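Hi,

Here is the structure I promised to pass on. Have a look at it, then read on for what turned up.

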Amino acid sequence: MKPFSPIEQSFKIAFNYKLHFTESLFSVKNAMFKDIVMGYRSGTRVKVVFVVDDGVEEHHPSILGDISSYCKTHSETLELTTLLTVPGGETSKNDHGNVDRVLKAINDNHICRHSFVVVIGGGAVIDMAGYAAAIAHRGIKLIRIPTTVLSQNDAAVGVKNGINTFGKKNFLGTFAPPYAIINDLRFLTTLERRDWIAGISEAVKVALIKDSNFFDYIEQNAAKLRDRDMECMQYLIYRCAQIHMQHIAEGGDPFENGSSRPLDFGHWAAHKLEDMTAYGIRHGEAVAIGMVLDMTYAFLMGLIEKAVLLRAITVLEQVGFDLRLPLKSTKEIDKLLAGIEEFREHLGGQLTITLISGIGEKHDVHEIDLPKMREAVNMQNNLAQLGAHG
């Protein structure tokens, strides 16, 4: 019998989503949220499940009442089915039970693919709830309302969702673009100083690999950013999110089928450090430390001049980061370096780690000289060796 030839078919799907900016989103006088939902199904009442970070509720005690009043005022468009509160921070991603709670709310309220899950919180809660929305009915429309600097400028901007399993960051996850993202400035006003500062690292990251002019801006305004100048922060969030979204659209690999992930600059070490400290350090703090480690390695390998390394370290320190590696023994250093192989596995085989060859110039490498990386660890553990303090 003559074998059948393969049947081949290809198709393209255009994804479109917007990042909106506002203040006091759930004031009954603010029509933005209602209009965004109505833009999907005008003239139809749409079911909505809200998932709220308990940290947001703590700092904004009226938030649940504000949402209820808003939906009641705009009941011709919005049918509020559930207000679900979940633990904030990385805890939400470490416990699959939180995913089950969101899925149960979706099931119990007969939420379909023409309904919405709306998640309000930091990056971890947005990741977790987004994962639940993506796997229910093969994808329920998601609106992200990020409430931290890091989630507004980075974590909520992309197309990834996920939770942590087997001690590995984002081991379970999906690529699922949101329907919309809404940045509400008011949520930033109640952030703890540590969370305010932590989110700035992702802006430094995109500036270092993509935009030297943006790095100049951060450098010139480091003290203002540290001291919570809202105008400077608004621009930092806007520009960082803009660069992030441009990369997704124009980078040629939005769903990461390849191995080059420049937006993961500093992240192989960051993810491992988060796990090693039981998430005692914030993601943004770990990214700042991870970037300095990779830049120190790049300096030792001759990719960047010492002046470039010191310039980046100075900016991060002026913003308010503690850049010392939280490692106390050779065994802990070994464990950190094992994160390189774990990162290779996460990428799917070929190791690709983004470094820089200058401010605003990314440089991918596919091999790591482990003795040199160990030397970089030792140098970073004693930042004075880098000449960072004069």
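Predicted model: local features only at pLDDT ≥ 70, side-chain atom pairs only at ≥ 80, totals over all residues.

Let's start with a question: which residue forms a salt bridge with Arg344? The partner is Glu341, with the closest N and O atoms 3.1 Å apart. A salt bridge here means a side-chain nitrogen of Lys or Arg within 4 Å of a carboxyl oxygen of Asp or Glu. Both Arg344 and Glu341 sit in helix H16 (residues 330–347), three residues apart, about one turn of the helix.

Residues are numbered from 1 along each chain as its sequence is written, and side-chain values use heavy atoms, leaving out hydrogens and water. Helices (H or I, at least four residues) and strands (E, at least two) are DSSP runs, numbered from the N terminus.

The whole structure has 21 salt bridges. Take Glu79 and Arg45, whose side chains meet at 3.6 Å, N to O. That pair links distant parts of the chain: Glu79 is in strand E3 and Arg45 in the loop between H1 and E2, 34 residues apart. Glu79 has a relative accessible area of 25%, so it is partly exposed; the cut-offs are under 20% for buried, over 50% for exposed and in between for partly exposed (1.4 Å probe, protein chains only). Arg45 is partly exposed because its relative accessibility is 46%.

Another one joins Arg311 to Asp216, the closest N and O atoms being 2.6 Å apart. Arg311 lies in helix H15 (residues 306–319) and Asp216 in helix H10 (residues 212–220), so this bridge ties together parts that are 95 residues apart in sequence. Arg311 is partly exposed at 28% relative accessible area, and Asp216 is partly exposed at 24%.

**Inside the protein**

The largest nonpolar core has 73 residues, and Leu208, Trp268 and Met295 have the most contacts inside it. A nonpolar core is a set of buried Ala, Val, Leu, Ile, Met, Phe, Trp, Tyr and Cys residues joined through side-chain atoms within 4.5 Å. Helix H14 (residues 283–300) gives this core its largest share, eleven residues. Apart from this core lies another, of 30 residues, including Val99 and Ile248.

If you click on Met295, leave aside its neighbours within four places in sequence: its contacts (heavy atoms within 4.5 Å) are then Leu208, Phe265, Ile304, Leu309, Ala312 and Ile356.

Now find helix H3 (residues 63–73), where Ile63, Ile67, Tyr70 and Cys71 are buried. Seen down the axis of H3, these fall within an arc of 95 degrees (taken from the directions from the helix axis to the C-beta atoms), so they line one face of the helix. Their cover includes helix H1 (32–38), strand E2 (46–53) and helix H2 (54–59), as well as strands E3 (78–86) and E4 (116–121).

**On the surface**

Finally, Ile13 is in the segment before strand E1 (18–22). Ile13 counts as exposed because its relative accessibility is 55%.

Cheers!
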